[in-house]
Each structure stands twice: as structure tokens, then as C-alpha cells.
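Have the structure open as you read.

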Amino acid sequence: MTTISEAGNEIAEDFMMIEDPLDKFGFLIDLGKNLEPLDESLKTSDRLVKGCQASVWLVSALRDGKVYFSADADADYARGLVAMMIRVLSGHTPDEILQADISFLEKIGLSKMLSMKRAGGLESMIRQMKLDALALKAKTV
Amino acid sequence: MTAESKPIDIPAIRRDFPLLSREVNGRQLVYLDNGATSQKPQTVIDAIADYYSRYNANIHRGVHALSQEASQVYEEARATVQKHLGAGNVNEIIFTRGTTESINLVAATYGRMHVQAGDEVLITAMEHHSNIVPWQMLCEEKNAKLVVVPVNDAGELRTDEFGKLLSAKTKIVALTQVSNTLGTVNPVKALIAQAHAKNIPVLVDGAQAVPHMAVDVRDIDADFYAFSGHKTFGPTGIGVLYVRESILETLPPYQGGGGIIKTVTFEKTEYADAPLKFEAGTPNIEGAIGLAKALDYINAIGLDNIHAYENQLLEYATAKLSAIAGLRIIGTAKEKAAVISFVIEGIHPFDIGMALDAQGIAVRTGHHCTQPLMDRFSIPGTVRASFAFYNTKEEVDLLAAGLTKAVKILA
């Protein structure tokens, strides 16, 4: 089983191999296209992670002590971001997620981390994933 | 192009704007977010540096040479604005932080004096939040009513409704000259005449007009006229409020502080005359100086020439973008400034903005601070390309090509 930081580094390497910013963008969009869409009934306000311009719905479940995420978004860019985070964080224990090393984000070279974090809601996405992990952990104790 | 206008030397103009030559994401920047803020010519940048290098001092107080020099240049800047707007008296020009503060000033002074319970404030459906919220706050405070003139499907003001909504209860009208989202140019002169026929004063939000067309406050007969420096090729944090002299004399101060007084005792303060009465605290001196330089710059090119060129650009861009499959332009008024808001079928505006950014093209996405207007068109937001006179047809081509690539990735 790959660790969170290994999975993150793998994605970072994929991104680093792509030079053109538009191709990087396209790669992120493709990550999102591989994400299984959520059933409409799951897109409820309590699952909504609101970014500045895009909305993401996050569903978290615990199986065999591990957290599994699924998600959807109204914008492809946000769907790509959440797909990337799911690939890195999903299938790990709550503790691993809570202590996750996500420094790979600094390496992927997508322009303007700040804009991405705020407008795309990446920061609130990650925060919500950690909060969900914490809540699921509390249930297991 | 009209008979009076002359072609302008775009390559030379672009060289005057240092930022336009930079690269973004490995490509030559295409800056099409002028509705949010404009870039600055070197003369503006130099004027600010010059102020701090040679004559920085606080104004209107010091007896020393630097203070006198700074005061003089600051007041010359006011005179430049007066001339630019065609105001009759230099005292009618108040420096503010921007259009937003200008509108707040009017709501807090004239508004508080004249709007009472049961009265109405008339605005339009295409106002920027900054020309909605101050009036909403006033109406809440006074238990008055905010009345909204609707727009038609082309994004034009329903002028027939405007006339009907002007009532005996209407105490002030506040409307934009040019819509920041749709580009619609409102017939402000005719609308003001209608309001004046009922003795109702009018505030015009000129934030999107002053950078693009000649404005004469006496010709349109505005009572209040507001605009921002940073959208007019000047610095941020400086704006203008024109107030007709006969109204100006009746207004109380907006904020208390230094600079606005004649004498202060603990019992009573005697206020200075306008405009200083409305400029509490040390003002944005370099902002005013930079703004005057920006106005000098556009006047040297000529606003009629700018207007004619931007019209050509708008026409070209409208044709070019309309040819993209699935693209729908929001705002198709007959009278339009060089702003194109659009949506593309099945693609979130935010995704288009990000895809364009990856190609070095700067546009704005979202509701453009006009949420009620987005509701009117039942869309969450648009992509907006807003042009200035330094933009080119080649940049429009790059935008169109960039959009085609974006659609390929996102569709």
C-alpha cells in the first residue's frame, strides 16, 4: 500500500513532467473526469464545501478502519482538484489523513497556488477531508 | 469611426504601459480584465515616484516649501479632474478612495438628510453591488424602500419603467452610466432630465464610463457623479465625487477629523468649506497626483479617438466570439462599451477562466459584483472580457483561439 506522501509525490511527478501550463490544466481536468459522479441525492448542503467560485460535494465513509472519499463538483477544475486529493488521501486511516503530508502540492507547478487554493476551494476541501476523518475516528472509539 | 476621431498609434501606446510586456504562464500576457482594474502608463508610475522622491509632505497645513509644493500639485490635480468632467467649479470635486466611497458619502450625507420613512430610492437592475448596498443600508436605517428599474433581455434599461417608477416618494436616483457586467451604456442625460422634471436628484456611477468615453457632468446635468482612479489608468485608493455646487453647500461632513475644520473647541467645531470639508484626514496625495497624470494621458490621445477605437474592437470581438460554438453573449444592448460577458454551454465560467489563465489570458469570471443581475438572466456567472484602448485585434484573436482550446479540454 502506498503511503499518502508516496501517492502525493507520484502525482507531483506526473505534473512535473508536463511543461506547458495549459497541458497541466488539461491533466488536472482529466483527473476529474475519472471521478465517479455522485448521485444527485447525495449533493446536499451539509456535504457542500464552498469555494469562492465553485462548489464541491464531499462524501466520506469508514470501511475496515479506513476512510474512503467520493466527491463531485460543479466546475471541472474543482472536480480535478478533489479527484487529486481523493487519489492521495482515500483508503487511509483517519490518523494518517489527519497527519497527512501534502507538501507535494507545492511541487506540481500549477500556476498560482494561492488562487487555486482560494478560488478553487482546495484549502477548504482539504480541511473538510481532515474534519471528516476526525469525525469518523471519533465514531470508531 | 466618426468623422472627428483619428486612428491611434497602438504599438506606441502599448510601450507606455510597462506591465503589458510581461509574460504569464510562459506566454505574452493578454490583459482583458480592464473592467476590474486598468494598467498604468509610465507617466503615472513616474509621477508617484517623483512625488515621494522630491516633494512628499503633508498638505494644506505646513508653512514649509515641501508642504506648499505638495498642496499645490494636489490642488492642480483637482483642477485637472474638474476640467476632465466639465464641472463648473473646482470645489465641486471631492477626492475619495474610489467610486464605492463616493457613493457611500452621498448616501450618508444627502441620503440621510432627505430620505425618510416611506420614501423611495430608485436604482437599476444592472447596478454594481457598490451602488446597491449603500442605498440598501440607508433604506434599512430610514425604513425607506429600494425600488429597482428592470432590464430587458438584451440587458438594456427599461426606460419606459424608469419613468413610471419615478414617484413623489422618490428622493434620489442612483444609476450606472455603463454596466460593468453587460457593457450597456445607459442614456443618462435623458434619464436625468426625466428625474429633474420631478425635482429628483441623480447620482451617476461613472466607474465604467470615464475610462472609455468623454463625460461632461454639466451636459448630462448630473447632481452627483462618481468614478475610480484605478479603472481610469490611475492608482488604486483614489476616486472622485462630483457634487453640484448648490447641493454641496447643504451637505453635512461625511467623516470627522483633521483637515475638514476651521476651528475646533470642545464645545463646537466649525467646518471648512467644500471640498476639504469632505476630505477628513490626510488624503491619498500621490493617488490624486497619479490620477491627474492618467487623465492627462487619455486626454492626449483623445477620448473620442479612444471611444471610436474601442467600438471597432468591440465589434470585431463580438463577431469573433459569436462564431464559437455554444458561446452565448450576455448583454447585447445597442449602445455598448467594450465589455463582453459570455457563457459557454455546459462549461462552468470558472473553468474557462482557469483555462485562459493557463494561456496567459486574463479575464474575469463570476458574478462581477452584480448578483441580482445574474439572477435576472438565470445564470450563476459569466466570463467577462473587458477591453481598454491598449488592447488589439491580435489579442482578440488570441482570446478566441484560447477559448477554442479551452472548450476542447473541458467539453
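Predicted model: local features only at pLDDT ≥ 70, side-chain atom pairs only at ≥ 80, totals over all residues.

Residues are numbered from 1 along each chain as its sequence is written, and chains are lettered from A and ligands numbered from 1 in the order in which they are written.

Chain B has 14 helices and 17 strands (DSSP runs numbered from the N terminus: H or I of at least four residues for helices, E of at least two for strands). Its radius of gyration, taken over C-alpha atoms, is 22 Å, close to the 22 Å that the globule rule (2.2 Å times the number of residues to the power 0.38) gives for 411 residues, so chain B is as compact as a globular protein of that length.

Now for the neighbours: 15 residues of chain B are in contact with twelve of chain A, contact meaning C-beta atoms, placed from the backbone, within 7 Å. On chain B's side, α12(B) gives the largest share, five residues.

Over in chain A, helix α3 (residues 76–89) packs against helix α6 (residues 122–140) at about 35°, axes 10 Å apart; axes are lines fitted to C-alpha atoms over the stretch in contact, and angles run from 0 to 180 degrees between N-to-C directions. Here A:Leu81, A:Val82, A:Met85 and A:Leu89 of α3(A) meet A:Leu122, A:Met125, A:Ile126 and A:Met129 of α6(A).

How values were computed
Contact = placed C-beta atoms within 7 Å.
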